[in-house]
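Colleague: Please bring up the model. I have some questions about packing and contacts.

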Amino acid sequence: MLLDVRNLTVKLNNDTLDVNAIDKMSLSMRDGSIHGLVGETGSGKSLFAKALTGTLSEKWTVQADRMFWQGEDLLKLSEEKRRQIINRDMAMIFQEPSRSLDPTVTIGEQINEVIPKSEFQGSIWSRRQERLQIAKNLLIKVGIKHYQQCYESYPHELSEGLCQKVMIAMAIIRSPKLLIADEPTDAMESTTKIQIMRLLQKLNTQKNMSVLLITHDLESVINYAQEMTLLYSGQSVESGSVRDLLKRPYHPYTENLFTSIPKFNTDTRPKSRLQTLPGSTPPLQHLPIGCRLGPRCPRAQKECVVTPKSVKLKGHLFSCHHPINLD
Amino acid sequence: MPQNDIYNEVEYPGPYQQAWGKFKQNHVSWVCFCIVMFFIFVAVIGPFISPYSPYHQDTGYVLLPPSWQSAGNVHFLLGTDDLGRDVFSRLIHGTSLTFGISLLVAFGALVIGVSLGALAGMSKGIRSSIFNHLLDAILSIPSLLLAVVIVAILGPGLNNTIWAVLLVLIPQFVHRTQIVIRDELKKEYITAARLDGASEFHILKNSIFPNIIESIILQYSLAVSAAMLDIAALGFLGLGAQHGSPEWGAMLSDSIDLIYRASWLAILPGITMFLCLLSVNTVGHGLRNALKHRSES
Amino acid sequence: MSVLLEVNDLSKTYNKRILPWKVKKVTALEKISFSIDAYQTLAIVGETGSGKSTLAKLLAGAEMPSTGEILLDGQALYTKAHKERCSHIRMIFQDPATSLNPSLSIGQILEEPLKLNTNLTAIEREDKVKKTLARVGLLSDYMWHYPHMLSSGQKQRVALARALILDPKIIVADKPFAAMDPSTRSQMVNLLLELQQTFGIAYIFVSHNLNIVKHISDQIFVMQDGKVVEQGKTLDILKSPRHTLTQKLLYSQQMLRKS
């Protein structure tokens, strides 16, 4: 097991507000897999990534039964030790890559800056040559053909897709074990999107790098991930292998999400009503008690005011009092 | 239908109420706001309540120290100057001269500058580019220097100072307004309003002004402090308010020779001015921050 | 049924000044002609810079066309005759967060087009605002809210309400679903389809999500570099795409097995 998080709670302490933005969420990842973390805006999926890498600001408190990274509990380690592990093993890419790059510095220099010292083998005099070589290899690795041109250009001269590739190149420099991709293809053209997703998939299979794919785009998760975890308002809904979930979702929310996509292959009649849940996701100030899906859930009953325990059944982990498809 | 209005009793604070609430939460700005209000109050009714006329010379009490010193006299609360004039009364009158005039001058500059800036911001092409470059040229000269030049042309005196400061402040307002309007015009809700069939004036009034008010307020607070400094500086240099006038800068310059014998004559106007400038700036920043965050709950 | 909207030879070229004395013409949209009926939906797909947003803006009147004319019910529309146009053709923008004025309340935002385009009294206007809010599935209390108090889904509903409030015949939407979560998106799609069936509104969508396009549109335009490279019935085109761009787009969204 690469990552095993149990009952993670992230609490927001504000003078006006005191809520669990993430409420007892669990997630476990196998070594070398692509794991999709799916949720709508405000479901706390980016928060999870921040809690994992320890980059939350002081107004958040993180608690968990355990947060195991390759058998080590990250929360019990000292700050420094934890940072070391995270530096060594994890890397992160974000949405809108052109904003994460420094606009005043060329791509080449930015890549040079993140090359760790341990990568160099030769003497100090051949550093320049070596740097160039390493940077170029990286750019080739992420599938940029005109690497020389890319090396010399500034971020604004590159397309969004290329920028994201550069970000990925910079992320994989230390060959991390886990790449956290926070909505890497949000607001991108579908043709660019597929290139990025392919690249992530390639890195996953060739270098055995695990990818935690955080997104609201269910389609790409279905296409590229092996396992997924669904979040709703900070509570984990259901997790398991993508194929199983697709075939037989236990949680009403999961089923609803799948049916809400008018997929090309299924025979939803054009212009027919799509199936959705009524209402909208609650804001942080007005979270319902118990199962947070409660007010919108078609199967909600009296018990739903108590937070459901997660149940493991046939490889799925789900939390619902009245699951479907059980028979 | 009665149930239609069931929630209407819940009050929804508008953006301005919210901004006000936010402003009050910040204690420093709130205290400074009270100080500014006090100064404005003094500036308006001060001349009527001051114990003596600022020009009244009491030859029997020359260079009296403030009343808390043993040599002081309680009738002259903050002492008297070398001609026996009451410092307290002069400071009160000075408030309406330096601070009151600054407020008015900055406001005049605001009205003229913002309307010119709106014109420039809404116009396109060569007209706006001429405007822009002209303003850039004017703005590159320090405001005090420009004021000195203008006073040198018009001749010294408080009236001419006022005109000079007004002329100096206008370009800053024009420039700021123009920039923020430019930024605002790029936003989608302006296009949306245009598609609603709104005229340019309508867009300016309903869509742009409510959103740029915070920059104008900040600019106003900066302008007020700049105006105060300029008026006082010109008074100090003897180019603005003339010797003997209770204007703070002129008072400072009058008392500079006596600084070893009667330090309170220089210190008191200095402290007043410092306090005034500080609170004006703090209030400006506080208001701007509050207004800026009004649309982020 | 007569044709609702007819577009003849519409095109747009920009003058780009490279040097002060040298002007280069950039064609954003080459001549295009099409027509659309009530109850119909036209979808425009293509990559960035293909001119699809330009077309949407031209139709909505946000920009002036270089050549060509737009006929509404057989009558020519000129961009200058704003009144007529803006009550019949309305536009929804991509990001509701920036298309709603942050310092006006929802009620004021919705009232604005009424004030400008109709002679209704204040009471009638308020009534209309409430009715329109109900139509897009929002409570009338939202009148007193300000945009920052709403979620993005609700904001998009408000944007739709602003489009609907003048009872338009055509709604032009520029990537309305791009920034939406799947479930909000489905709600929005349902709402749009419902409105179309009740009021006979014609939609012109700019989108890059072919799944949605397939679900809601009757006709489809595939655009590349300011040209329409493929057009026709949505189902036909998605079933047997001819142009390589269409194939590429379909393939990139896993809607076509690679042959």
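The questions and answers below concern this predicted model.

Colleague: At what angle do helix H4 and helix H5 of chain C pack?

Modeller: H4(C) covers residues 106–117 and H5(C) covers residues 122–135. Their axes lie 10 Å apart. The crossing is right-handed. The packing angle is about 115 degrees.

Colleague: How many residues of the contact of H4(C) with H5(C) are charged?

Modeller: H4(C) brings C:Gly107, C:Leu110, C:Glu111 and C:Leu114. H5(C) meets them with C:Arg125, C:Lys128, C:Val129 and C:Thr132. By class, 3 are nonpolar and 2 are polar, and the charged residues number 3.

Colleague: Is A:Ala64 buried or exposed?

Modeller: A:Ala64 sits in the loop between strand E4 (60–63) and strand E5 (66–69) of chain A. Residues it touches, beyond four places away in sequence, include A:Val5, A:Asn7 and A:Leu75. The cut-off for burial is 20 or more other C-beta atoms within 10 Å. A:Ala64 has 20 such neighbours, so it counts as buried.

Colleague: How far apart in space are A:Ala64 and A:Ser233?

Modeller: In sequence, 169 residues separate the two. In space, C-alpha to C-alpha, the distance is 18 Å.

Colleague: Which element gives the most to the side of chain B that touches chain C?

Modeller: The contact takes 21 residues from chain B and 26 from chain C. On the chain B side, the elements giving two or more residues are helix H7 (188–195) and helix H8 (200–236). That side has 9 nonpolar, 8 polar and 4 charged residues. The top contributor, with 6 residues, is H7(B).

Key
Residues are numbered from 1 along each chain as its sequence is written. Chains are lettered from A and ligands numbered from 1 in the order in which they are written. This is a predicted model: local features need pLDDT of at least 70, side-chain atom pairs count only at pLDDT 80 or more; totals for chains, interfaces and linings use all residues. Axes are lines fitted to C-alpha atoms, for helices over the stretch in contact, and angles run from 0 to 180 degrees between N-to-C directions. Helices (H or I, at least four residues) and strands (E, at least two) are DSSP runs, numbered from the N terminus. A crossing is left-handed if the near helix is turned anticlockwise from the far one by less than a right angle, and right-handed if clockwise. Two residues are in contact if their C-beta atoms, placed from the backbone, lie within 7 Å. Ala, Val, Leu, Ile, Met, Phe, Trp, Tyr, Cys and Pro count as nonpolar, Asp, Glu, Lys and Arg as charged, and the others, Gly among them, as polar. A residue is buried if 20 or more other C-beta atoms lie within 10 Å of its own, exposed if 12 or fewer, and partly exposed in between; C-beta atoms are placed from the backbone.
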